[in-house]
Each structure stands twice: as C-alpha cells, then as structure tokens.
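Hi,

Here is the structure I promised to pass on to you. Have a look at it first, and then read on for what turned up in it.

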Amino acid sequence: ALVDWIEAARAKAGSWKALAEAANIAPHFVHCVQSRQPVRVGVVSRVAAALGLTAPPVHTLASSAGAEIALPGEVDARLARFLGLLVAEGRVTSADQVWFVNSDPMVNAEFGLLGRELFGLQPLRGACKAGTSDTLLFSKTLCLLLDRVFGIAIDGKSAGKSVPTAVMSAADDVVAAFLAGLFEGDAFVHEPRGKDRAMPYLEYVSASRRLAEDVCTLLLRLGVFPFMRPKQKHASNTVKRRRRTYYSVYIYGVEQIQRLAEHVRFVGAKQARLDAAAALRVRPNPNLDVVPGVTGLVRAAVAAGGLKVKWARRLSPKMAAYVEQRCEASRAGLHEVADLIERSGETSDRARPLINRMRTLADADVYWDEVVAIERVEPTDPWVYDLTVADTHNFVAANVVVHNSNVGEAVRWALGEQSAKSLRGQRMEDLIFHGSASRKPVGLAEVELLFSNDGALSVPWSEVSVSRQLYRTGESEYMLNGTVSRLRDILDLFAGTGANPRAYSVMDQDKLNHVLTAKPHERRVFIEEAAGIARYKQQRNETQGKLEQARQNLVRVRDVMDEVRRQLTSLERQAKKAQQYKALQNERRDLALALVAADYATLTAQAAQLATELEGLRETEVAQRTRVAALAAREARQREVIQASDHALSDLRQRVQKVQGELERLLERREQMGVQVRELGEESVRLDEALRAAGERL
C-alpha cells in the first residue's frame with residue numbers, strides 16, 4: 001500500500017525529481033521506493049503535506065539496521081496500559097533499551113506480554129536487585145517512537161515525566177487503562193485493618209508536578225476526586241538519600257476508592273488490596289467534602305427557625321460548630337442541621353427557604369477544592385482575546401468551573417457539531433434534559449439560531465433561521481427557515497462566513513490556545529475563513545480529491561494491465577504444461593486400468609482355490625462337530641454314573657457316622673458301668689468290713 005501511495009504521489013507530481021522538490025527532500029529518499037527499500041516516516045508526512053494527500057496507514061517501523069517493530073494502529077487500552085507501566089516503573093535508555101523494573105512477577109509478565117503483542121518484540125528477563133525483576137525490550141526504533149511520539153524521553157529524569165498527549169485526549173476506557181498501568185507500577189493502596197472510621201486510600205507519588213497534575217485531570221474525567229499535596233522526602237531507591245519535593249496524589253475514602261475500582265483493574269497482588277479497600281463499610285470522612293462559605297447560611301437558618309443554640313448544642317454539636325464558624329460544613333452536616341431546625345425550631349416555617357437552599361448545596365454534584373497557589377504568568381504574545389456572553393452559564397476548563405461556554409456549544413451544535421465529547425458529553429443523548437427534582441425530563445433537545453442576511457448568504461431571505469432537533473431515539477434533523485434540510489446544505493450555506501462548528505467565530509479555550517500558539521501557516525486557515533475564500537478552497541479540494549481519486553484509479557488500471565501483459569507469456573507456458581499434463585493423465589489412467597484387470601484375473605483364480613480349500617475345511621468341521629457331540633453324550637453318561645456313586649457314597653458315610661455315634665454311646669455306657677462296678681466293689685468291701693466289725697462286736 002505504501003509503494004502504491006508513493007507511486008501515486010509521483011504520478012501527481014509528474015516525476016521523481018518534481019516530487020522531491022515539492023516535498024523539499026533529497027531525491028534518493030523517494031528513489032528508494034523503486035528498489036523496494038523502506039521509506040522514512042518523515043518523507044511520507046512531507047509528501048502528504050506538499051501534495052495535499054492523506055498519508056497511508058503505517059503498520060511497521062524499521063531502523064537503519066533493519067530491525068522492525070509492529071506499530072499499533074491506534075492508542076487503545078493495551079497501548080495505554082503499556083505506557084502507564086512504563087511511566088511508572090520504566091525508562092528508555094540511550095543503549096536502545098526499554099527497561100521495566102517491578103517486584104511483582106505478574107506485572108513483569110504483563111509488561112513483557114504487551115511488548116510482544118503490541119510491537120512484536122521478545123522480552124528479556126533479569127534481576128539486577130534483590131527482590132525485583134527486570135523486563136527489557138531491545139529496539140532503537142521503539143525507543144525513538146516512545147521519545148518522539150509519546151514524549152517519554154530517552155534517559156529522561158523522573159521530574160520531567162508527564163502523561164502522553166495521546167492519552168490526555170483519548171476515550172475514558174483508554175484513560176482508565178493508562179491509570180491502571182500507572183498505579184499498578186507506582187501506587188500504594190492502604191487497606192486499614194481497624195474499624196470505625198479508619199479510611200482506605202490510594203497514594204501515587206511522583207517527582208514530576210506536571211505528571212501529578214495530569215493524573216488528577218484524568219481521575220476527574222472518571223468521576224474520581226483526588227487531591228495533590230507536595231511533600232519533602234527522599235527516594236527509596238537512592239544511596240545519597242537527598243531530600244527533595246515530591247507530589248502525592250491521594251484518592252481518599254471508601255466512595256472514591258469504589259469509583260476507582262469500577263474503572264481500574266490490576267493484574268498483580270495490588271488488586272486484592274484494592275478490592276478489600278472498596279469492600280470496607282466505614283463512615284466517610286466529612287472533612288474531605290465540605291461546602292465552603294456556607295456557615296453564614298446555617299447561622300441565618302438557625303436564627304430564622306428560632307432554634308436555641310445553647311439548648312440544641314447537646315443534640316447536634318455540628319450545628320454549634322457551624323454557627324460559631326469553627327469549621328466548614330459537610331454535606332451530611334447540612335442535612336443534620338436542616339432536620340434539627342425542622343424538628344425543633346419554634347419558627348421553622350420562616351426558615352424554609354434557607355433550609356431548601358442548604359439541602360440544595362448539600363445535594364449538588366459540585367466538588368469543592370482549595371486553591372493552594374496562584375501564579376502570575378507573563379504572556380509571550382501581545383495579543384489578548386476576550387469573549388463576553390450575556391447571562392450566566394457554566395462550563396469546565398482545565399479542571400476549573402467557570403461560565404458561559406454552553407452558549408457557544410449550543411451555537412456549534414446547531415451549526416452541525418458531531419462530536420459529543422467536544423460538547424461535554426459521552427453521547428448526543430446526554431444533551432437532552434433528563435429532569436430534576438422540580439422539572440420533568442423532556443423528549444428532545446432543540447436549538448434555533450436566527451441570522452440577519454445582508455447578502456453574505458446566497459439565499460433570497462433577509463433573515464435565515466437554522467434549527468436542529470435531537471430526539472431520544474437518536475434521530476436528528478436540521479431545518480432551514482422551517483424546512484427540513486440536510487447538514488451538507490447548511491454547511492455549504494455558511495461556508496466562508498465563519499459561522500460553522502470548526503471556524504473562527506465560535507472558539508473554546510483549547511482552540512483559542514491553539515490559535516495563540518499556532519504557526520503562521522496554521523493561522524492561515526482562520527484568515528482564509530475570515531476572508532471568505534475557505535468555501536472555494538473546500539470546493540477546490542473536493543474537486544481535486546475526486547480528480548486525484550480518478551488518477552489513482554487510472555494508475556491502478558495501468559498497473560493491472562501491465563501486470564496482465566507480463567503474465568501472458570507465463571500463462572501460455574502454463575497452458576502448454578496443462579495440455580501435456582492432461583495427456584499424461586489419460587495415459588496413466590489407461591495403464592492403471594490394465595493393471596487393475598491383471599490384478600483382477602489373478603485374484604479370481606486365488607479366490608477359486610481358496611473356495612475349494614474352504615469346502616474341505618467345512619467337511620472336516622462337520623466331522624469334528626459329530627465327534628464332539630458323541631463325546632459330550634459319553635461325558636453326560638459318565639457324569640450320571642459319578643453322580644449315582646456320589647449318592648451311594650453319601651449314604652455309606654451317613655451309615656458310618658450313625659454306627660460311630662452308636663459305638664461312642666456304647667463306649668460311654670461301658671465306662672459308666674465300669675464306674676458303677678467299681679463303686680459297687682468298693683461298697684461291697686465296705687459292707688464286708690462293716691459285717692466283720694459287727695461280727696467281732698457280737
């Protein structure tokens with residue numbers, strides 16, 4: 001694509017020499033395209049600017065040594081996280097190193113993975129200090145890219161760091177990814193272990209005041225309210241331990257930590273601490289979100305409500321402190337005092353307007369912060385621009401609430417502004433009023449502008465009305481003097497008059513700063529718009545763009561024709577080879593059929609022989625089966641004989657057991673009778689002795 005683009009630029013310029021002269025570069029910088037060598041990035045931008053072309057997308061960058069890296073197409077969440085990690089814990093060295101140091105292995109692994117996925121570089125791991133791991137990406141091209149595009153200076157100091165400009169203007173998800181990488185590398189999450197009112201907080205410390213201020217700006221975009229405090233300390237990784245000024249960005253309190261946790265996710269051990277801090281259930285610190293200068297209103301409300309301060313002091317010490325102006329009032333404290341006046345005030349109805357004002361201030365979505373310093377800056381340019389818009393309006397510039405911008409935004413929106421972000425919204429539907437406590441929401445947003453036409457507009461009306469309507473369904477329509485029109489018609493009507501969303505007549509602060517710091521050729525755009533020639537230049541550019549597109553189409557057609565001519569000879573050779581291939585294929589098919597026929601005859605003879613053998617085997621099988629049946633019958637008869645023998649044997653065993661039992665019984669009886677015989681013999685002897693003794697006595 002790049003080669004085609006350079007060739008188209010050469011065709012538009014007329015020759016390589018004319019192209020080099022128009023871009024004010026040496027001829028060899030464009031001649032290298034003919035030999036398919038890489039083209040310098042600066043050459044592409046100069047050629048595009050000189051000829052009014054759109055530069056082609058660049059996907060690969062290469063150094064003079066030939067080393068290549070992939071180039072991300074946009075600043076997405078992955079690239080933003082890589083930049084956040086690098087700003088926090090990394091550095092770009094003059095030795096062509098992108099060096100990242102962290103103690104968490106998961107964080108080091110993610111940095112290496114991002115380097116490989118984004119730029120196609122293989123990370124190297126090491127450990128120069130105890131307790132930490134180093135991840136290195138070696139690429140001079142990447143170092144120059146980070147230095148020149150993202151402002152991460154080679155061998156830069158910590159005090160010179162800042163948030164890359166591309167991140168400052170990116171979408172919220174990209175901003176959240178950058179902050180996640182930044183805090184992952186160099187922030188401390190405090191998770192209190194105690195109860196009651198112990199507050200969790202996140203602290204990010206930097207030696208760069210600009211970086212700390214940029215971080216505060218990004219956090220405010222996500223709805224997180226930080227505060228920055230300078231402190232004197234020494235870096236923990238230095239030997240000299242010299243004290244100097246550092247800037248701490250604090251995100252304090254459970255509510256703010258919870259808002260941060262909705263947008264930011266860590267990959268290392270820090271995520272567990274963030275989740276634990278966000279899950280705490282403690283009372284918020286009232287000193288962090290106070291409404292300044294409202295104690296006079298509290299004092300007037302207490303007096304109007306007839307509330308005795310001395311008597312009510314024991315019920316609400318806050319009320320007494322506010323009335324005596326010993327401290328500023330918190331939002332919860334204002335509600336507490338308002339409830340006390342309504343409940344215990346003798347004349348609370350008289351204080352109703354003051355009470356309502358107190359509640360409005362307590363419920364407002366305005367966050368008050370202290371102005372710690374005001375610096376007087378002498379302008380470098382003598383021009384001073386001032387814009388005054390009647391009535392009271394609100395807008396935000398550089399994190400400070402000022403006034404009057406929504407009138408200018410309404411004018412730009414009615415004239416065709418398409419960027420919701422430039423109108424301080426995420427979507428166009430945010431411009432529709434969503435309702436309040438006293439007013440219902442509406443279904444559309446509408447702005448109408450009335451112009452007095454003194455001939456500057458090419459329409460026959462003395463007054464021109466332009467209106468734009470936006471519905472909640474997302475549909476939008478433009479009307480010109482009450483007639484539905486296209487946005488293109490309105491832009492063409494006001495082209496060259498300064499009345500369009502991008503012209504000089506309606507400027508926000510950023511565009512005003514751009515005009516003041518712009519170079520002469522950049523200011524020329526506004527001068528041409530004021531002179532009324534911008535519309536003709538626009539028409540000329542559109543026509544030239546169409547012509548250039550036609551030329552490029554012709555160039556492509558010629559290239560296709562040349563390529564087709566070069567391929568004709570090759571195609572003829574390929575056709576001849578195809579014919580030879582077809583003839584050989586037919587011959588191969590015939591030979592294959594003959595071979596198959598021969599194989600079929602051989603296999604048929606083998607099949608007949610095998611069939612004969614199979615028949616003999618089947619007869620043998622029948623004889624064997626007959627013999628097996630005879631043996632089975634003989635086996636059955638033998639089993640019956642054995643079974644009868646077993647029954648006879650069982651009967652004999654039972655008879656033997658019966659005889660043995662009878663024998664044992666007779667033996668026992670014989671023993672019993674022997675015992676009786678002995679006893680009778682002993683009795684006979686005893687009786688004989690008794691008889692003899694009786695005879696002797698006689």
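Predicted model: local features only at pLDDT ≥ 70, side-chain atom pairs only at ≥ 80, totals over all residues.

**Aromatic pairs**

Phe 111 is buried, with a relative accessible area of 0%.

A pair of aromatic rings is described by the distance of the centres and the angle of the planes. Rings count as a pair if their centres lie within 6.5 Å, and by this rule the count comes to eight aromatic pairs. For Phe 100 and Phe 111, the ring centres are 4.4 Å apart and the planes are at 15°. Planes under 30 degrees apart count as stacked, so the pair of Phe 100 and Phe 111 is stacked. Where do the two residues sit in the chain? Phe 100 belongs to strand β4 (residues 97-102) and Phe 111 to helix α6 (residues 105-119), so the pair ties together parts that are 11 residues apart in sequence.

A second pair is formed by Phe 227 and Tyr 250: with ring centres 5.5 Å apart and planes at 25°, this pair is stacked too. Here the pair ties together parts that are 23 residues apart in sequence, because Phe 227 lies in strand β9 (residues 227-233) and Tyr 250 in strand β10 (residues 244-252). Are these two residues buried or exposed? Phe 227 has a relative accessible area of 15% and is buried, and Tyr 250, at 16%, is buried as well. The cut-off for buried is under 20% relative accessible area. Phe 227 and Tyr 250 also belong to one aromatic cluster, which they form with Phe 188, Tyr 201 and Tyr 252.

**The whole protein**

To put this in context, the protein has 22 helices and 18 strands. Of its 698 residues, 32% count as buried. If you take the contacts with a separation of 6 or more, 59% of them are between residues 24 or more positions apart.

**Two helix pairs**

Helix α9 (residues 172-186) packs against helix α10 (residues 209-221) at an angle of about 130°, and their axes are 10 Å apart. The two helices, α9 and α10, are therefore oblique to each other, and α9 passes α10 in a left-handed crossing. Which residues make the contact? From α9 they are Asp 172, Val 175, Phe 178, Leu 179, Leu 182 and Phe 183, and from α10 they are Val 215, Leu 218, Leu 219 and Arg 221. By class, the contact of α9 with α10 has eight nonpolar residues, two charged and no polar.

The other helix pair is α11 (residues 254-263) with α12 (residues 270-278), whose axes come within 8 Å and cross at roughly 135°. This makes α11 and α12 oblique to each other, and their crossing is left-handed. On the α11 side, Val 254, Ile 257, Gln 258 and Ala 261 make the contact, and on the α12 side it is Leu 274, Ala 277 and Ala 278. The contact of α11 with α12 divides into six nonpolar residues, one polar and no charged.

- Val 87 is in helix α5 (residues 77-89) and counts as buried at 5% relative accessibility. The C-alpha atoms of Val 87 and Leu 182 are separated by 6.6 Å, although the two residues are 95 residues apart along the chain. Neighbours within four places in sequence aside, Val 87 is in contact with Ile 152, Lys 161, Ser 162, Phe 178, Leu 182 and Leu 211. Two of these, Phe 178 and Leu 182, also take part in the contact of α9 with α10.
- Gln 271 is in helix α12 and is buried, with a relative accessible area of 8%. Not counting residues up to four places away in sequence, Gln 271 touches Val 264, Arg 265 and Phe 266.
- Glu 548 is in helix α22 (residues 534-697). This residue, Glu 548, counts as buried at 6% relative accessibility. Leaving aside its neighbours within four places in sequence, Glu 548 is in contact with Ala 8, Lys 12 and Leu 53.

Note on methods: Residues numbered from 1 in each chain as written. Heavy atoms only, no water. Axes fitted to C-alpha atoms, helices over the stretch in contact; angles between N-to-C directions. Helix = DSSP H or I, 4+ residues; strand = E, 2+ residues; numbered from the N terminus. Parallel < 35°, antiparallel > 145°, perpendicular 65-115°, else oblique. Left-handed = near helix turned anticlockwise from the far one by under 90°. Contact = heavy atoms within 4.5 Å. Nonpolar A, V, L, I, M, F, W, Y, C, P; charged D, E, K, R; others polar. Phe/Tyr/Trp six-rings, centres within 6.5 Å; stacked < 30°, edge-to-face > 60°. Buried < 20%, exposed > 50% of the residue type's maximum accessible area, 1.4 Å probe, protein only.
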